[in-house]
Amino acid sequence: MTDIAKALDENTLADVAAYYAARPQRNLDPTTLAESPPAIVRLVELGDPSRNIPPCAACHRPGSGGPIEAPILSEQGRDYLVLQLKMYASGDRRNDVYGRMRTIASRLTPAEIDGLAAYYRAGFR
């Protein structure tokens, strides 16, 4: 996104900002949705210390205080998240500072990747 944003002039940036400002407020707390499996909610909220997986929410929730480059994941597209997690796990995506996401994603099972993508997709309108 940085390269794309750098290519935009001030008028276009103002138009993009106005577009997103006019969008309806998002559901930034997927835990409010009942269909999330408890094991996935635990992974998001507590992580899995036995596999050295930190909680997703520690970096990817609004106001979490995680690394500045960590995006808010709520309402991201399911297919997009699955692809990105798989790319991190394989090492094909390498834009994570210090390799954090490559390490974490490589420890996730395919079912967990699918579950996390569905969890964060919840509430998308």
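Q: Does Arg61 count as buried, partly exposed or exposed?
A: In this predicted model, the relative accessibility of Arg61 is 29%. Buried means under 20% and exposed means over 50%. The value for Arg61 falls in between, so the residue counts as partly exposed.

Q: Which residue meets the side chain of Arg61 in a salt bridge?
A: A salt bridge needs a side-chain nitrogen of Lys or Arg within 4 Å of a carboxyl oxygen of Asp or Glu. For Arg61 the N to O distance is 2.3 Å.

Q: Does Asp48 count as buried or exposed?
A: Asp48 pairs with Arg51 in a salt bridge at 2.7 Å, N to O. Arg51, at 26% relative accessibility, counts as partly exposed. For Asp48 the relative accessibility is 18%, and the cut-off for burial is under 20%, so Asp48 counts as buried.

Q: Where does Glu69, the partner of Arg100, lie?
A: The side chains of Arg100 and Glu69 meet in a salt bridge at 3.3 Å, N to O. Arg100 is part of helix 6 (residues 100–106), and the pair ties together parts that are 31 residues apart in sequence. Arg100 has 36% relative accessibility, and Glu69 has a relative accessible area of 40%. Glu69 itself lies in the loop between helix 4 and helix 5.

Q: How many salt bridges does the count come to?
A: Side chains of opposite charge can pair when their charged atoms come close. By the 4 Å rule, the count of salt bridges comes to seven.

Q: Which element gives the most residues to the lining of the largest pocket?
A: The largest pocket has a volume of about 670 Å³. Helix 4, helix 5, helix 6 and helix 7 (110–121) each give two or more residues to its lining. The leading contribution is five residues, and it comes from helix 5.

Q: How many residues of the lining of the largest pocket are nonpolar?
A: The largest pocket is lined by 26 residues, and those closest to its centre are His60, Pro71, Leu73, Tyr88 and Met101. Four of the lining residues are polar and four are charged. The number of nonpolar residues is 18.

Q: The backbone oxygen of which residue lies 2.7 Å from a polar atom of the side chain of His60?
A: His60 is found in helix 4 and is buried, with a relative accessible area of 13%. Apart from neighbours within four places in sequence, His60 is in contact with Ala70, Pro71, Ile72, Leu73 and Met101. The backbone oxygen at 2.7 Å belongs to Pro71.

Q: Which residue's backbone nitrogen does the side chain of Asp9 reach?
A: Asp9 is found in the loop between helix 1 (2–6) and helix 2 (10–22). At 46% relative accessibility, Asp9 counts as partly exposed. At 3.1 Å, its side chain reaches the backbone nitrogen of Asn11.

Technical notes: Residues numbered from 1 in each chain as written. Predicted model: local features only at pLDDT ≥ 70, side-chain atom pairs only at ≥ 80, totals over all residues. Heavy atoms only, no water. Buried < 20%, exposed > 50% of the residue type's maximum accessible area, 1.4 Å probe, protein only. Helix = DSSP H or I, 4+ residues; strand = E, 2+ residues; numbered from the N terminus. 1 Å grid on protein atoms, 1.4 Å probe; cavity = no way out; pocket = protein on both sides within 12 Å on 5 of 7 lines; lining within 4 Å. Points joined across faces, edges and corners; volume = space filled by probe spheres on them. Nonpolar A, V, L, I, M, F, W, Y, C, P; charged D, E, K, R; others polar. Polar contact = N/O pair within 3.5 Å; in protein donor to acceptor, adjacent residues only side chain to side chain. Contact = heavy atoms within 4.5 Å.
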